[in-house]
Amino acid sequence: MEVIENMRGKSEKDEPLLKTYFKRYLLDVRGVSSRTVKHYCDALNNITRHLKEKHLIRDSIYEVTDLKVLHDLRDILLQDADFVALDRRGNRMYTAGFNNYLRFAEGQSFAELHDRAGALDIPMPPIAEEPRTYEVHHFMRSDILRGQTLAFADYRCEMDGDHKTFIAERTHKPYMESHHAIPIHLQGKFEHSLDIYANLVCLCPICHRKIHYGLMDDRRLMMYEIYEKRHERLSRSGITLGKEEFADLVLHDGADYARHL
Ligand SMILES: [Zn+2]
Ligand SMILES: [Zn+2]
């Protein structure tokens, strides 16, 4: 039980981060009616209940941060006679809810949302630390958010969209990496979550290594560029920093850096 209680977004009034983002995405980005959003969310609540009864998840569908696990869960549901019957009685609202959530989690059509990404920049409660049974404390990071970050940027390096990589087998898109502009282990210094769209940047592998291991001066220039691109979005997400403050915070964090790729 300790594990569950320590999971992200589990505090009473705070709903899970991915649920908040999903609702915003449907309403403000995809322009779905609030009635339909409610239907989808109800469907996902029922799916959560169903999966918990089968001991397939511990908490809620929104706590699943691995895309592959989400796909597996859908496959399991579609082969489950009880679920299929339930879905049929409910006019297939359950599969519609799950499929829309998967579309969101996969970052489908995120590339076209570029200019509307601001709709998703909202302050989120800070990331919870994992239970103290771990020797080293890790902050939980969402793999779903990472994947969506790449889709948002349309798989182009945010330092220079012309940077070339190779095609990744998993996505059949140019291989890119997601980078936290403000390292996640600095969460303790902030009131709001650092694992948010505004703090995630899509970088080509060379730029990503460079921003972690490059010359101090080069890294500072990269920080300035990221700052220019992101400070307004960060501020809307409850993270307000000046340009030098931002660069200093990240650059003077050297020792911890390598393990936070
Ligand atoms: Zn990084
Ligand atoms: Zn690059």
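In sequence, the donor residues of the zinc ion (ligand 2) follow the spacing C-x5-H-x40-C-x2-C. Donors here are N, O and S atoms within 2.8 Å of the metal (3.2 Å for Na, K and Ca), and water is not among the atoms, so sites may look incomplete. Keep in mind that this is a predicted model, where local features need pLDDT of at least 70 and side-chain atom pairs count only at pLDDT 80 or more, while totals for chains, interfaces and linings use all residues. Residues are numbered from 1 along each chain as its sequence is written, chains are lettered from A and ligands numbered from 1 in the order in which they are written, and side-chain values use heavy atoms, with hydrogens and water left out.

**Zinc ion (ligand 2)**

- Cys-157 (SG), His-163 (ND1), Cys-204 (SG) and Cys-207 (SG) coordinate this zinc ion (ligand 2), at 2.0 to 2.3 Å.
- The arrangement is tetrahedral because the four donor atoms subtend angles of 99 to 119° around the zinc ion (ligand 2). For four donors, that label requires all angles to lie between 85 and 135 degrees.
- Helices (H or I, at least four residues) and strands (E, at least two) are DSSP runs, numbered from the N terminus.
- Cys-157 counts as buried, at 3% relative accessibility. Buried means under 20% relative accessible area, exposed over 50%, and partly exposed in between (1.4 Å probe, protein chains only).
- Cys-204 is buried at 3%, and Cys-207 is buried at 6%.

**Zinc ion (ligand 1)**

- The zinc ion (ligand 1) is coordinated by His-179 (ND1), His-208 (NE2) and His-212 (NE2), at 2.1 Å.
- Along the sequence, the donors of the zinc ion (ligand 1) read H-x28-H-x3-H.
- His-179 sits in strand E1 and His-208 in helix H8, so this pair ties together parts 29 residues apart in sequence.
- His-179 is buried with a relative accessible area of 2%, and His-208 is buried with 3%.

**Strands E1 and E2**

- E1 pairs with strand E2 (residues 200-203) in the antiparallel sense, over four bridges. Two strands pair if DSSP finds at least two bridges between them.
- The bridge partner of His-179 in E2 is Val-201.
- In a regular strand, side chains alternate between the two faces of the sheet.
- In E1, Glu-177 and His-179 point one way, Ser-178 and His-180 point the other way, and all are buried.
- E2 is covered on both faces: Leu-200 and Cys-202 on one side and Val-201 and Leu-203 on the other are all buried.

**Around Leu-77**

- Leu-77 belongs to helix H4 (residues 67-78) and is buried, at 1% relative accessibility.
- Setting aside neighbours within four places in sequence, Leu-77 is in contact with Ile-47, His-50, Leu-51, Phe-83, Val-84 and Phe-98. Contact means heavy atoms within 4.5 Å.

**Positive phi in loops**

- Asn-91 is not a glycine, yet it has a positive phi of about 55°. Asn-91 lies in the loop between helix H5 (81-89) and helix H6 (93-105) and is exposed, with a relative accessible area of 70%.
- His-172 also isn't a glycine and has a positive phi of about 55°. His-172 is in the loop between H7 and E1 and counts as exposed at 56%.

**Salt bridges**

- The count comes to 13 salt bridges, each a side-chain nitrogen of Lys or Arg within 4 Å of a carboxyl oxygen of Asp or Glu.
- Glu-15 and Lys-23 meet in one of them (3.1 Å, N to O). Glu-15 is partly exposed at 27%, and Lys-23 is partly exposed at 26%.
- Lys-38 and Asp-42 form a salt bridge (2.8 Å, N to O). Because they are four residues apart in helix H3 (residues 34-53), Lys-38 and Asp-42 are separated by about one helical turn.
- Asp-72 forms a salt bridge with Lys-68, the closest N and O atoms being 3.1 Å apart. Both lie in helix H4, four residues apart, about one turn of the helix.
- Asp-121, Arg-233 and Arg-236 are joined into one network by salt bridges that share partners.

How values were computed
Four donors count as tetrahedral if all angles lie between 85 and 135 degrees; four count as square planar and six as octahedral if opposite donors are over 155 degrees apart and all others between 65 and 115; anything else is irregular.
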